[in-house]
Amino acid sequence: MEIIFGRNKKEQLEPVRARVTGKIPAWLQGTLLRNGPGMHTVGETRYNHWFDGLALLHSFTIRDGEVYYRSKYLRSDTYTANIEANRIVVSEFGTMAYPDPCKNIFSKAFSYLSHTIPDFTDNCLINIMRCGEDFYATTETNYIRKINPQTLETLEKVDYRKYVAVNLATSHPHYDAAGNVLNVGTSIVDKGKTKYVIFKIPATVPGGRKEGRSPLKDAEVFCSIAARSLLSPSYYHSFGVTENYVVFLEQPFKLDILKMATAYIRGVSWASCLAFHGEDKTHIHIIDRRTRKPVLAKYHTDPMVVFHHVNAYEEDGCLLFDVIAYEDGSLYQLFYLANLNEDFKENSRLTSMPTLKRFVLPLHVDKNAEVGSNLINLSSTTARALKEKDGQVYCQPELLYEGLELPRINYAHNGKPYRYVFAAGVQWSPIPTQIIKYDILTKSSLKWGEEHCWPAEPLFVPTPGAKDEDDGIILSAIVSTDPQKSPFLLVLDARTFTELARASIDVEMHLDIHGLFIPDAGWDLGKQAPSREAPARAAAGRAAPQT
């Protein structure tokens, strides 16, 4: 695991041409843009957690059957400060750092008040967000960084707090057909309240690019939900949407604000302030997108930790949503670098297995239904919703599949009925060893795997004009631990899961987290000028945004 997690990766600033074997579909023209941690040591200092590493952007530009690769570290304020000091001076979630290594406990006490609600890092290493015509590297703090998707150049720093009152925000926004962005953030102890804020960023604004006006300036609060605890809000990584509703899980994986307020003076990380409370319920909040208000019914399920929602949709008066669920918060603990690089196999077996679960909620609870009765009568699922004495509804999921993570779908089916989940297979380990296509209808699966190969999140790109949900290709960046095998971009037929092509590169590629595919917008690799065929290519290769 040292090859994957321990080594700092070098940038590949100039595009390098990959060796392509097989044949890439002629219609596939564009750039796969990915994000993830690439540097875990600065000078003689080392991050504690894999999710703390400095963000390394990389891209695969696909044009006319050829592939070019490049990578560049995000030039965040965090990166700049660390590199200039030649050590880690900016705190990350799993690593507390101090600008002056000679600080004693008294000087720490003097400055800790400014860290009660800390000024978080802008090391945006998790995902890429599209906002109108702009692209941003994102993390889970209040900061995002605008980037140039062609050159990977880092542009301006954006603070969500200037537009909506959130201290934290997800890296998994949703997009509607018009390109508007919907996201969720946490407002911590703002005017005596802690709440979860759903906010919307329009795809376009009056004046737009001509006047240099960012859509972020027209961001609006869509709805807010009061946290059940003022000082212990839920952690969350994503959420779900349907045509008419938003699905938000308030789970018993909680951030202790009082502990966080003293973390700096105590010299402990913010991650140590995050704890799973197995005695609590998971509360399911449903917000009506038409009224912008939570529905009145109260739903809950057993304690669990969810990082990734898969999809959600409505059917016959019910709301169905699928998530990857864990029994506890042990996954986060495993990604401490000490656990990844020492006794890894033994440590990984101590984590709970990620399980694809389907929940079904009745949108209208029958007041006359008997207590204990099942309010769901869909023949397509065994999930149940049991009415309780106080009128609340206990939701019992259907277990669909064990051992997958990093789920993706054909995003044209987001919020709608769907059939296929494309995900990374994680059997004995939380580190992917396979790529899986799971068929929810038939409960069957197809798999791709190769010895010593570690695939990143699989991303679906539909064939232009496709009618079938799985008519398209799967793209995944593959890291190799075999010194005789170079890392490569894998291209699979999404229908059959047969390999169409691979593009190998002679660089040491990092294991990334999330990203998106950008249809060819007409830039010429190297020259950065539009090519003559650009309009036709863009029209042929345009795909739905990916979250």
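Four cavities of 30 Å³ or more lie inside this structure, which is a predicted model. The largest cavity has a volume of about 810 Å³. Its lining takes in 42 residues. Nearest the centre of the largest cavity are Phe51, Ile126, Glu140, Tyr235 and His237. Strand S12 (168-169), strand S24 (305-315), helix H5 (330-334) and strand S30 (404-408) each give two or more residues to this lining. By class, the lining holds 26 nonpolar, ten polar and six charged residues.

Phe51 leads on to the aromatic rings. The model has 21 aromatic pairs. In one of them, Trp50 and Phe51 sit 5.6 Å centre to centre, with 50 degrees between the planes, a tilted arrangement. Trp50 has a relative accessible area of 5%, so Trp50 is buried. Phe51 is at 29%, so Phe51 counts as partly exposed. A further pair joins Tyr196 and Tyr236: the ring centres are 5.9 Å apart and the planes stand at 85 degrees, so the pair is edge-to-face. This pair links distant parts of the chain, 40 residues apart. Tyr196 belongs to strand S15 (residues 193-201), and Tyr236 to the loop between strand S16 (220-226) and strand S17 (240-241). Both tyrosines are buried. Trp50 and Phe51 also belong to one aromatic cluster with Phe93, Tyr332 and Phe335.

Now helix H4, residues 257-266. The buried residues of H4 are Ile257, Met260, Ala261, Ala263 and Tyr264. They cover an arc of only 140 degrees around the axis, so they lie on the same side of H4. Just after H4, Gly267 adopts a positive phi of about 70 degrees.

Notes
Residues numbered from 1 in each chain as written. Predicted model: local features only at pLDDT ≥ 70, side-chain atom pairs only at ≥ 80, totals over all residues. Heavy atoms only, no water. 1 Å grid on protein atoms, 1.4 Å probe; cavity = no way out; pocket = protein on both sides within 12 Å on 5 of 7 lines; lining within 4 Å. Points joined across faces, edges and corners; volume = space filled by probe spheres on them. Helix = DSSP H or I, 4+ residues; strand = E, 2+ residues; numbered from the N terminus. Nonpolar A, V, L, I, M, F, W, Y, C, P; charged D, E, K, R; others polar. Buried < 20%, exposed > 50% of the residue type's maximum accessible area, 1.4 Å probe, protein only. Arc of directions from axis to C-beta. Phe/Tyr/Trp six-rings, centres within 6.5 Å; stacked < 30°, edge-to-face > 60°.
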